[in-house]
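Please consult the sequence and the structure shown below while reading.

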Amino acid sequence: MQSEKLEPVNYYVGIDVGTASVRAALVDQFGTVVAYEDHPVKIWAPQPDHYEQSSDDIWAACCTVTKKVTQGINIAQIRGLGFDATCSLVVLDSHFQPLAVNSEGKCNRNVIMWMDHRAAKQVARINETQHSVLCFVGGSMSVEMQPPKLLWLKENLQASCWEKAGYFFDLPDFLSWKATGVTARSLCTLVCKWTYSSEKGWDDSFWKLIGLEDLIADKYAKIGNEVLAPGAPVGNGLTSEAAKDLGLSKGIAVAASLIDAHAGGIGMIGTNVKGYNLPCENQSIASRIAVICGTSSCHMGISESPVFVPGVWGPYYSAMVPEFWLNEGGQSVTGKLIDHVVRGHTAFPELQTKAAASAQSIYTYLNGHLDLIKKSLPVGFLTVDLHVWPDFHGNRSPLADLTLKGMVVGLTLSQGLDDLALIYLATIQAIALGTRHIVETMQAAGHHVNTMFMCGGLSKNPLFVQMHADITGMPVVLAQEVESVLMGAAILGACASKDFVSLQNEVTCG
């Protein structure tokens, strides 16, 4: 038989830098993930509310996973590279060398993580100003954004860090700089975490009012004066040094990046759902809300005109889907909270032993155990007398109160596996109720969402998904490709390569 000559396939690499690991995927031109790898990254917690990382460690992990996913592939067929990452703050000196963000002077620890709350006093003072830029972050800035962290550095590490700093990057922008040598920033990061306006640019009066007027110098050179839309090509692509580090070819297109949750939104909010009889079918993409749930949960709703939602970040223009306004609700450390509750329980060693004996993950085993003890009632009714308030790390949305603490009501003297399973269930229900609170607040302000699209590590837990469907009363859609965040990063690379018409076309055509 005579075989037909097949056209060579084009590939794109997506790199996702999460809280505790870096992941990479090789995606082909048809949207199929053909290879996947992950690698842990270090976290330092030198004192309460201080969380730090190393940009060198993160870049090394990016190189490790990229080389693994491209192994055995003709690198000439790799057309584009896209990054997403947590909105952590990277500090470099004027020679692009790491600067310590700690009093110990450890320069390898030059990243203040997104979940770092050291700047609580600074963000309180910023919010007291009631400056007009705060209208675009739900009326109250979060301690997880960059201005309070910058102010903390100036007030606490002025000589060792602030005066020596040459560049402050959001982590996604650090990665695109590391790959291309170009200091351009993504519209996504600057609008969502730095108060940049996609229509007006920087507001000098804000930075002067909060005591950071020195950042205005040289047209904001330290924090970004060249801004690119997500997916736009950065510079001339991969530098020779970065290409060698990553095991790729020099000049491959590199995209302006996205924050990780926004990449998840890009990766799934445009999913084709025809024929599934969902409420959002034949409706605008604005009828969908994307929930990206991993270490934290982010709730991404888009609209054709700006919607101002109290306690919910945004509206941000073109920060995720081009030409749409974005509102972003969120719950801090949801995945971390579930882990904290389960691993801190007295019965955790017993759970570990039984899960290992049955060759299951601890969460699969807990889900099965709940099915065994539920009897005839739905599993959700098991916690009728047990309730969790989930704000162990403050409330991001819609209360926007970082001082809130967690609470458990209905504890007994029981310390067995049943008790562990119940508090695990109650914690998941509390997180789902938090999502309902966010969604209802967005709907009351003018959003018309009716279908939830979910991705991220927690979406792989069927109990987590079911509780969200039950408690919100909305259908939950899971993408066939479970790695939606990585898919979003790869879509950026494909867009930068110019193999596809536009980022908006890729997203909204599903």
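Two strands are said to pair if DSSP finds at least two bridges between them. Helices (H or I, at least four residues) and strands (E, at least two residues) are DSSP runs, numbered from the N terminus. The model is predicted: local features need pLDDT of at least 70 and side-chain atom pairs count only at pLDDT 80 or more, whereas totals for chains, interfaces and linings use all residues. Residues are numbered from 1 along each chain as its sequence is written, and side-chain values use heavy atoms, with hydrogens and water left out.

- Strand β1 (residues 11-17) and β2 run antiparallel and are joined by seven bridges.
- Within this pairing, V17 stands opposite V22 in β2, and a hairpin of three residues connects β1 to β2.
- β2 and β3 likewise run antiparallel, with seven bridges between them; V33 in β3 is the bridge partner of V27.
- Four residues lie between β2 and β3 in their hairpin, and G31 in the turn has a positive phi of about 85°.
- Seven of the eight residues of β2 are buried, where buried means under 20% relative accessible area, exposed means over 50%, and partly exposed lies in between (1.4 Å probe, protein chains only).

**The largest pocket**

- A pocket is defined on a 1 Å grid over the protein atoms alone, as an open set of points where a 1.4 Å probe fits, with protein on both sides within 12 Å along at least five of seven lines; lining residues have an atom within 4 Å of a point.
- The largest pocket has a volume of about 1,200 Å³, a volume being the space filled by probe spheres set on grid points that are joined across faces, edges and corners.
- Its lining comprises 48 residues, of which C293, G294, T295, G457 and L458 lie nearest the centre of the pocket.
- Elements that each supply at least two lining residues include β2 (21-28), β3 (33-40), α9 (260-268) and β13 (288-293).
- The largest share of the lining, five residues, comes from α10.
- The lining divides into 19 nonpolar, 16 polar and 13 charged residues; Ala, Val, Leu, Ile, Met, Phe, Trp, Tyr, Cys and Pro count as nonpolar, Asp, Glu, Lys and Arg as charged, and the others, Gly among them, as polar.
- α9, which contributes to this lining, is mostly covered, with eight of its nine residues buried; among them are D260, H262 and M268.

**The sheet containing β8**

- Four strands form an open sheet in the order β4-β7-β6-β8, with antiparallel pairing.
- β4 (52-53) and β8 stand at the edges with a single partner strand each, so one side of each is left without a neighbour in the sheet.
- Strand β6 (residues 89-93) pairs with β8 over five bridges in the antiparallel sense; L92 stands opposite Y167, and V90 stands opposite F169.
- Six of the six residues of strand β8 (residues 165-170) are buried, so β8 is largely enclosed by the rest of the structure.

**Aromatic contacts**

- The structure holds 16 aromatic pairs; rings of Phe, Tyr and Trp (its six-membered ring) pair if their centres lie within 6.5 Å, and planes under 30 degrees apart count as stacked, over 60 as edge-to-face and the rest as tilted.
- F174 and W177 form a tilted pair, 5.6 Å centre to centre with 45° between the planes.
- These two residues are separated by about one helical turn because they are three residues apart in helix α4 (residues 171-180); F174 and W177 are both buried.
- Y196 and W202 form an edge-to-face pair, 5.1 Å centre to centre with 80° between the planes, and both residues are buried.
- One aromatic cluster is formed by F96, Y167, F169, F174 and W177.
- The charged end of R118 sits over the ring of W152, 4.7 Å from the ring centre; this term requires NZ of Lys or CZ of Arg within 6 Å of the ring centre and within 35 degrees of the ring normal.

- Seven of the seven residues of strand β16 (residues 325-331) are buried.
- W325, N327, G329 and Q331 point one way from β16, and L326, E328 and G330 point the other way.
- Strand β14 (residues 297-303) runs antiparallel to β16 and is joined to it by seven bridges; I302 stands opposite L326.
- Strand β15 (residues 313-317) pairs with β16 over three bridges in the antiparallel sense, and E328 is the bridge partner of W313.
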